[in-house]
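Dear colleague,

Here is the structure I said I would pass on. My notes on the sheet and on the helix packing follow it.

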Amino acid sequence: MAIHTNPSTPPTSADVARLAGVSRATVSFVLNDTPGGRVGEQTRQKVRAAAEELGYVPHAAARSLRAGRSAIVLLVGHSWPIGPLFSSFYRELQHALQRHGYTGVLYGRSPDAGDDSARAWAELRPAAVLCLEPVLTPTGVRTLHRAGTRAVVTLGIPPVEGAHNLVLDQSEVGAAAGAHLIATGRRRIGVVVPTDPGLDAFSALRLAGVRAAAAPGGPAAAVHVEPLPLDYTEQSAGELAERCRALALDAVFGYNDEYAMLVQRALQDAGLDVPGQVAVVGADDLMLARLLRPRLTTVHLTLPDGEELAALVDRLVTEPDQAPTTQNLLGVRMVVRDSA
């Protein structure tokens, strides 16, 4: 008897059942690892072998209908650059979500879509949405909940009414860098402001943090803070180095380690001594920061643990009536090396 011969249509669980000589219920028990299914190991092997032979893959939408929800967790971020720090966090979170039975999907939103973004996410019927940039609105949160999304969580952006908000206060990064530079005697501090619009939400707050450290009543008086727009190019960094010389700046907070390393190299190429004439501080504490000469002083960031975040998502999905909360999860500490 032919089991499945039409290459234009995907095989079904009924095809697997016929090839393995078992019921569709048995196929479901085996391939979905359903608890309590009393299926012998020999039968399990037959079902898995039949599924492999046919190229059968369970239908996620059908599984979602049976369960009443999907297993998708959307991680929403359109323009947030994926650097080494975020890549490590994202891998850890993906693995943790899989252990909890979810599939994490990195979703690039449509630029300037407003509340239409949330409607587009809702069409996928995700179990949870983890929003990584400031595009979500209270209206969007309501749209997602009405569509069946059980958990709406923001990470690292200003709190949004109706969502669970995990704040990563970027001003603390700038404040730590500024306080260190001021404490070491620097009084004319440049702050790199990347021109990449995807970093605006972070760079503005880091600049504000440095300014807060330099404000009257802070660690020292008469501190000048100069914003330094920077493209991530050698040419732009060279122009910035000359501007540092013209403005007689004695320190630069480089936004993060990658920008700080670019600036430090440009300062050295321009004949400026680091840290003798210009101190340089980065943020993120990347491995490359330790390999640079002089070694880069930096702000170490402690991000949320992927397992803890996945467990929170799972808890919110299984108990969707929990009241929204706001927590600041970012930890910062200075790592003092040679550049400042």
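**Sheet and helix packing**

Helix 13, residues 306-318, lies across strand 1, strand 3, strand 4 and strand 5, and runs at about 150 degrees to strand 4. Please keep in mind that this is a predicted model.

The sheet is open and has six strands in the order 2-1-3-4-5-11, paired in parallel. Its edges are strand 2 (103-107) and strand 11 (326-328), each of which pairs on one side only. On average, neighbouring strands of this sheet are turned by 20 degrees against each other, direction ignored.

Helix 5 (residues 84-99) also packs on the sheet, where it touches strand 1 (72-76), strand 2, strand 3 (128-131) and strand 4. The direction of helix 5 makes about 145 degrees with that of strand 2.

Within the sheet, strand 4 (residues 151-155) and strand 5 (residues 164-167) pair in the parallel sense over three bridges. Valine 153 has histidine 164 of strand 5 as its bridge partner.

The other item is a helix pair. Helix 1 (residues 13-20) packs with helix 3 (residues 41-54) at an angle of about 125 degrees, and their axes are 9 Å apart. The two helices are therefore oblique to each other. The crossing of helix 1 past helix 3 is right-handed. On the helix 1 side, the contact is made by Asp15, Val16, Leu19 and Ala20; helix 3 contributes Lys46, Val47, Ala50, Ala51, Glu53 and Leu54. By class, this contact has seven nonpolar and three charged residues, and no polar ones.

Regards

Conventions: Residues are numbered from 1 along each chain as its sequence is written. This is a predicted model: local features need pLDDT of at least 70, side-chain atom pairs count only at pLDDT 80 or more; totals for chains, interfaces and linings use all residues. Side-chain values use heavy atoms; hydrogens and water are left out. Two strands pair if DSSP finds at least two bridges between them. Helices (H or I, at least four residues) and strands (E, at least two) are DSSP runs, numbered from the N terminus. Axes are lines fitted to C-alpha atoms, for helices over the stretch in contact, and angles run from 0 to 180 degrees between N-to-C directions. Contact means heavy atoms within 4.5 Å. Angles under 35 degrees count as roughly parallel, over 145 as roughly antiparallel, 65 to 115 as roughly perpendicular and the rest as oblique. A crossing is left-handed if the near helix is turned anticlockwise from the far one by less than a right angle, and right-handed if clockwise. Ala, Val, Leu, Ile, Met, Phe, Trp, Tyr, Cys and Pro count as nonpolar, Asp, Glu, Lys and Arg as charged, and the others, Gly among them, as polar.
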